[in-house]
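Hi,

Here's the structure I promised to pass along.

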Amino acid sequence: MMRDFTFPGRSTAFGRTAMAATSSPQATLAAIDVLRQGGNAVDAAITASAVLCVTEPHMTGIGGDCFAIIATPEGKILGLNGAGRSAFAATPDWLSQSGLSRIEPHSVHAVTVPGAIDAWDELLRSHGTWSLGKCLEPAIALAESGVATMPRVARDWPEHEALLKADPGGRQHYLLDGRVPRMGDVMTYPALAATLRHIAREGRDGFYTGPVAQDMVETLRARGSLLTLEDFAATQCDWVKPVSTHFNGRRIYEIPPSGQGLTVLITLNILKCFGLAALDPNGPQRRHLEIEALKRAWVLRNRHIADPEHAEVPVEELLSETTAKRLAASIDPNAASDMRVVMPPSDTVYLSVVDSERRCISFINSIYWGFGSGIVTEKSGITLQNRGAGFSCDPAHPNVIAPAKRPLHTIIPAMATEGGKPEMVFGVMGGDFQPMGHVNMVVNRYIYGMDPQQALDLPRCVPTGTDVAVETALPDSVVSDLRARGHSIVPADEPLGGGQIIALDHARGILSGGSDPRKDGFAMGL
């Protein structure tokens, strides 16, 4: 599908040797520099992720988690769960005595051990060629010399001003003369730079033991956290087998629980029961079906997804054709269902990289809400995530908080293969929007034939609560039709997601990529 060049927009990027797509210009260029210097896709992804911790500090950081899906040159599809865990002391007795009915996102109990640095180290040891220290060099240089605040970052930062002002570390490290930075303002992060230098010198253990870990634990314990140095030292990521489903000649891969990737696959299985190809890509019927399919998948997500080390998740049943047909049959093609979809806010970064050997990595890193828990260590400058807010406090629920447990996790990288070879490396930030974002990308490309940039540009909508949030670019006629079907339409209060796509054309030996216009980055090929 050729782009209309009379309409403002951007073209899909092309390359032959390698490609990177991220949400930040500095991160994309850092990844490309790695690839030009002979590093592989994994080296480039970790380097770019570290840079994003400096250029988009409200979205991501070393105090967060990460997940990845890798396609090896030999054709293996591998997943890595880099989510941190709760404290060993988060026992049922503690929960009962705490009186908690939910874990508030800015509560100290929302902080889980950050899993990102351990996962970065494992990815590099298993599939990279560069050391962790070498990958951190561009981020250290940016943190020391300063980085100009990009437009999307400047748009988001004021939403978190009160949170940062309430925390000593937040005031010290993430405000500029007592205020949030404006677009173009240069921010430096000397404490973070020093911490990254320490990790570069000492390796992974320089984060999970010693003075950096001590600073994090002391900061948290002073606020009443259960986390200890032993919890940090015990952190370990896990290689996992991605879950998948077939969709229009391709196999779509997602991270298994504790991630929410099953939500995407259930939704796609439901949509296979309808004739999407006959519908207008930007029309109301397509949107209605996606909204209703996601609502049903969301119910199953909230009911079942949890840490599989602590609870049994019926993956085979959830992905069965019987489940898909049953749920599809419950959808009225002309009327909205009365189903509530709870979608808390979330901030994340996602990136895609493919190298000359066609090694692919779909990579995502996050501190969950904007600036995570709002707790920033004063000495080391680390923003601590609030992933523990994803736990339930219902003792009977599979996702209830428990010792050394991972919460239901929103961040999900994805990949698609065709004929056993990787065809699309894709993902989107936006927490609970991510399943709809993945569905949009898959349907846009594999049903409607859009190129990567077109698949990202198309206006979006998503069920949230009892409403449907819509972007302003969605045509008025579509919005009116959805209202007529009974959907309660509200304007999206923030851009819906921020994704990246790299597509592989093995027959022609080319790569094509897109980067979401809802953020500041771009795709670049070699």
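A search of the whole structure turns up three cavities of 30 Å³ or more. By cavity I mean a set of points on a 1 Å grid over the protein atoms alone where a 1.4 Å probe fits but cannot get out, and lining residues have an atom within 4 Å of a point. Grid points are joined across faces, edges and corners, and a volume is the space filled by probe spheres set on the points. Bear in mind that this is a predicted model: local features need pLDDT of at least 70 and side-chain atom pairs count only at pLDDT 80 or more, while totals for chains, interfaces and linings use all residues. Residues are numbered from 1 along each chain as its sequence is written, and side-chain values use heavy atoms, with hydrogens and water left out.

The largest cavity has a volume of about 90 Å³. It is lined by 13 residues, and Ser86, Ala87, His109, Val111 and Ile401 are the closest to its centre. The lining splits into nine nonpolar, four polar and no charged residues (Ala, Val, Leu, Ile, Met, Phe, Trp, Tyr, Cys and Pro count as nonpolar, Asp, Glu, Lys and Arg as charged, and the others, Gly among them, as polar).

Ser86 is worth a click. It lies in the loop between strand S4 (77-82) and helix H3 (92-98); helices (H or I, at least four residues) and strands (E, at least two) are DSSP runs, numbered from the N terminus. Ser86 is buried, with a relative accessible area of 5% (buried is under 20%, exposed over 50%, partly exposed in between, with a 1.4 Å probe and protein chains only). Its side chain reaches the backbone nitrogen of Ala404 at 3.3 Å. Leaving aside neighbours within four places in sequence, Ser86 is in contact (heavy atoms within 4.5 Å) with residues including Thr112, Leu227, Asp231 and Phe391.

The second largest cavity has a volume of about 70 Å³. Among the residues that line it are Cys53, Pro57, Tyr174, Leu192 and Ile382. Here the classes come out as six nonpolar, five polar and no charged.

On to the rings. Phe, Tyr and Trp (its six-membered ring) pair if their centres lie within 6.5 Å; planes under 30 degrees apart are stacked, over 60 edge-to-face and the rest tilted. That rule gives five aromatic pairs. Tyr174 and Phe371 have ring centres 5.3 Å apart and planes at 55°, so this pair is tilted. Tyr174 sits in helix H8 (residues 168-174) and Phe371 in the loop between strand S11 (360-368) and strand S12 (375-376), so the pair ties together parts that are 197 residues apart in sequence. Both Tyr174 and Phe371 are buried. For Phe207 and Tyr208, the centres are 4.8 Å apart and the planes at 75°, so that pair is edge-to-face. Ring pairs also link Trp157, Tyr174, Tyr189 and Phe371 into a cluster.

Last, the largest pocket (an open set with protein on both sides within 12 Å along at least five of seven lines) holds about 720 Å³ of space. Of its 25 lining residues, Phe7, Pro8, Gln454, Asp457 and Leu458 lie nearest its centre. Helix H18 (residues 452-457) gives the most to this lining, with three residues. By class, the pocket lining has 12 nonpolar, six polar and seven charged residues.

Cheers

Definitions and conventions. Polar contact = N/O pair within 3.5 Å; in protein donor to acceptor, adjacent residues only side chain to side chain.
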